Amino acid sequence: MRKSKIVEVRGVKIGGGLPPVVQGMVKTDPLDIDATVDQIEKLQRAGAKLVRLAVPNVKVARSISVIRDLVNIPLSADIHFNYRLALEVIDRGIDKVRINPGNLSPREISIIADKAKKSKVPIRVGVNSGSLPKKVLEEISRIREDKQRRHRLMVEAMVDSALGCIRVLEDKGFEDIVVSLKASDVPVTILANKIIAEKINYPLHLGVTATGPPPEGIIKSAIGLGSLLCEGIGDTIRVSLTADPIEEIKVAYQILKYLGFVDRGPTIISCPTCGRKRGDVYSIVKQISKEVGKITSPLKIAVMGCEVNGPGEAIEADIGVACTTGGAVIFKKGRLLNKIRKEQIVPTLLKELRSMDHNLKGN
Ligand code: SF4
């Protein structure tokens, strides 16, 4: 794991080789305080450790102090174009500011740095491939057909934009910096982050932007974030989906779970089935899925179609079945419990699950 400097946002530590922090984004009208606070709390309950809000105008910037008082989670304000909004949200008690260097001048970034330094508010330098300098975007559109060159140009411009902004902040003695380089193109996001990770010691916030709806958005995020996290790059993540923001948190934790960063919630290990199957795996999985959805413990539940690989996989699980002719063998924490008949498979699995998860006990 890349060991960056640690940046602390209202008690939440980002970087230093710590497990990646999951961030969420509120999608309500920011002037609807009740709806915004409600969604922030839902994101927090789902597992977000930091929530970002869009601050498009002064009215919203002024409302930050009200929202800040009503919630108990670090808040980050997303600022574009108007540097005065960053100054206003800092005055209103925001915990972190995200600026997009493509939309602010070095002079404006310097002014924000002075204020953030005095108020000890970290800044995320959030580069987005969509807001690169006009000259670069024009050049990229001229070479549309040459994908490799286009990608290289985009990556270079994103890295340069981040480094330029970091230099402006450092010139002001400001080093409470988190950096993100996001593109909707997965390989561009991966390469840009790999390059910047070699050049700076600040924590990196990972995300693939504008991924679209699930499942495409989930796949793009899993590939982009997963590839970088596998190489030890990434200190905080946010999954971007055209979907309910709670889904973004769930997917972020699934990415972290399957990479071994967190042990959270149940996992179903079920085989795809093939010509060797001895039982109706689809139906068993469908029937237990509803109950599994209520589980909070990191239980592994295996449903395998036959005894070829079945017992091996089931042994890895907390509870598992491998179908046999007329029934199944059931395993619990690596030990063979007994053989059961076909009609006992689902009831036995449910009974065992209930006894293993505190949420299901007594149901
Ligand atoms: S566990 Fe058995 S049924 Fe399932 S895919 Fe493997 S060989 Fe086929």
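**Figure 1. Contact separation and overall make-up of the predicted protein chain.** Among contacts with a separation of 6 or more in the protein chain, 63% join residues 24 or more positions apart; two residues are in contact if their C-beta atoms, placed from the backbone, lie within 7 Å. This is a predicted model, in which local features need pLDDT of at least 70 and side-chain atom pairs count only at pLDDT 80 or more, while totals for chains, interfaces and linings use all residues. Residue numbers start from 1 along each chain as its sequence is written. The protein chain contains 12 helices and 15 strands, which are DSSP runs numbered from the N terminus (helices: H or I, at least four residues; strands: E, at least two). Of its 363 residues, 43% count as buried; a residue is buried if 20 or more other C-beta atoms lie within 10 Å of its own, exposed if 12 or fewer, and partly exposed in between.

**Figure 2. Surroundings of helix α3 (residues 83–91).** Helix α3 is largely enclosed by the rest of the structure, because 7 of its 9 residues are buried. These are Y83, L85, A86, L87, E88, V89 and I90. The buried residues of α3 pack against α2 (58–70), β5 (75–79), β6 (96–99) and α4. After α3 comes G93, with a positive phi near 90 degrees.

**Figure 3. The nonpolar cores.** A nonpolar core is a set of buried Ala, Val, Leu, Ile, Met, Phe, Trp, Tyr and Cys residues joined through C-beta atoms within 7 Å. The largest such core has 81 residues, and A86, V89, V97, I112, M158 and A162 have the most contacts inside it. Helix α6 (residues 147–171) provides the largest share of this core, 10 residues. Leaving aside residues up to four places away in sequence, V89 touches V55, A61, I64, A77, I94 and V97. A second, separate core of 20 residues includes A317, F331, I345 and L349.

**Figure 4. Residue S119 in helix α4 (residues 106–119).** S119 belongs to helix α4. This residue counts as partly exposed because it has 13 C-beta neighbours inside 10 Å. Between the C-alpha atoms of S119 and I94, 25 residues apart along the chain, the separation is 9.8 Å.

Figure 5. Strands β14 (residues 327–332) and β15 run antiparallel and are joined by 6 bridges; two strands pair if DSSP finds at least two bridges between them. R341 in β15 is the bridge partner of G327. The hairpin has 2 residues between the strands, and K333 takes a positive phi near 45 degrees. Strand β15 (residues 335–341) is hardly covered, with 0 buried residues among its 7.
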